[in-house]
Amino acid sequence: MKYLILIYSGPEVAERPDLADEVTEPGELVAGGVLADPVNTVTVRVARGAALEEQLSGYLVVDCDSGHRAAEIAARVPGARTSTVEVRPIMDLSGQEM
C-alpha cells in the first residue's frame with residue numbers, strides 16, 4: 001500500500017530527510033520532494049498554551065507492507081523530533097470512474 005508522509009517544520013530552514021538507503025534499497029520510496037519556501041503560507045498549532053508556526057515543507061510517498069512500517073519511516077524524518085510528520089494512506093482509485 002502507498003502512504004503519503006507529510007513533513008511539517010517551523011519557519012527556520014528545514015532539515016532534509018536523509019532516508020535514501022533505508023527506503024530506496026527495499027524499493028519502498030516512490031517519490032519525494034522539498035516544497036518551495038511558502039512565503040505567505042503557514043499553519044498554526046497551539047501546544048502547551050503557545051502558538052507554534054509550522055509549514056508543510058516536504059513529502060515522501062512510500063510503498064510498504066503496513067501503516068506501521070510507514071510510521072517507522074516517518075519517525076526517522078529529522079523533523080519528527082521537533083515538529084509534525086503525518087502519515088496518510090493513499091487511496092487506490094485505479095479502475096474507478098472519475
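## Walking through the fold

At 57% relative accessibility, aspartate 21 counts as exposed, where exposed means over 50% relative accessible area, buried under 20%, and partly exposed in between, for a 1.4 Å probe and protein chains only. Aspartate 21 sits in helix 1, and its C-alpha lies 14 Å from that of leucine 60, a residue 39 places away in sequence.

Before going further, a word on what you are looking at. This is a predicted model, in which local features need pLDDT of at least 70 and side-chain atom pairs count only at pLDDT 80 or more, while totals for chains, interfaces and linings use all residues. Residues are numbered from 1 along each chain as its sequence is written, and side-chain values use heavy atoms, with hydrogens and water left out.

Now for the overall layout. The chain has two helices and five strands, arranged along the sequence as β-α-β-β-β-α-β. Helices (H or I, at least four residues) and strands (E, at least two) are DSSP runs, numbered from the N terminus. The C-alpha trace spans about 45 × 35 × 25 Å along its principal axes, and 30% of the 98 residues count as buried. Of the contacts (heavy atoms within 4.5 Å) with a separation of 6 or more, 78% are between residues 24 or more positions apart.

Let us step inside. The largest nonpolar core has 13 residues, and Ile5 and Val62 touch the most other members. Such a core is a set of buried Ala, Val, Leu, Ile, Met, Phe, Trp, Tyr and Cys residues joined through side-chain atoms within 4.5 Å. Strand 1 (2-9), strand 4 (50-63) and helix 2 (67-75) each supply at least two of its residues. Neighbours within four places in sequence aside, valine 62 is in contact with Met1, Lys2, Tyr3, Ile5, Glu28, Val30, Ala70 and Ile73.

Two of those partners, Ala70 and Ile73, lead us to helix 2, where Arg69, Ala70, Ile73 and Ala74 are buried. Viewed down the helix axis, the buried residues of helix 2 fall within an arc of 145°, so they line one face of the helix; the arc is that of the directions from the helix axis to the C-beta atoms. An α-helix has 3.6 residues a turn, so residues three or four places apart point the same way. Turned away from the buried side of helix 2 is a face that carries the exposed residues His68 and Ala75. The buried residues of helix 2 pack against strand 1, helix 1 (20-24), strand 4 and strand 5 (85-89).

With the same exclusion of sequence neighbours, arginine 88 is in contact with Lys2, Tyr3, Leu4 and Leu6.

We finish at a loop. Arginine 48 lies between strand 3 (43-47) and strand 4, and at 85% relative accessibility it counts as exposed. Its phi is near 55°, a positive value in a residue other than glycine.
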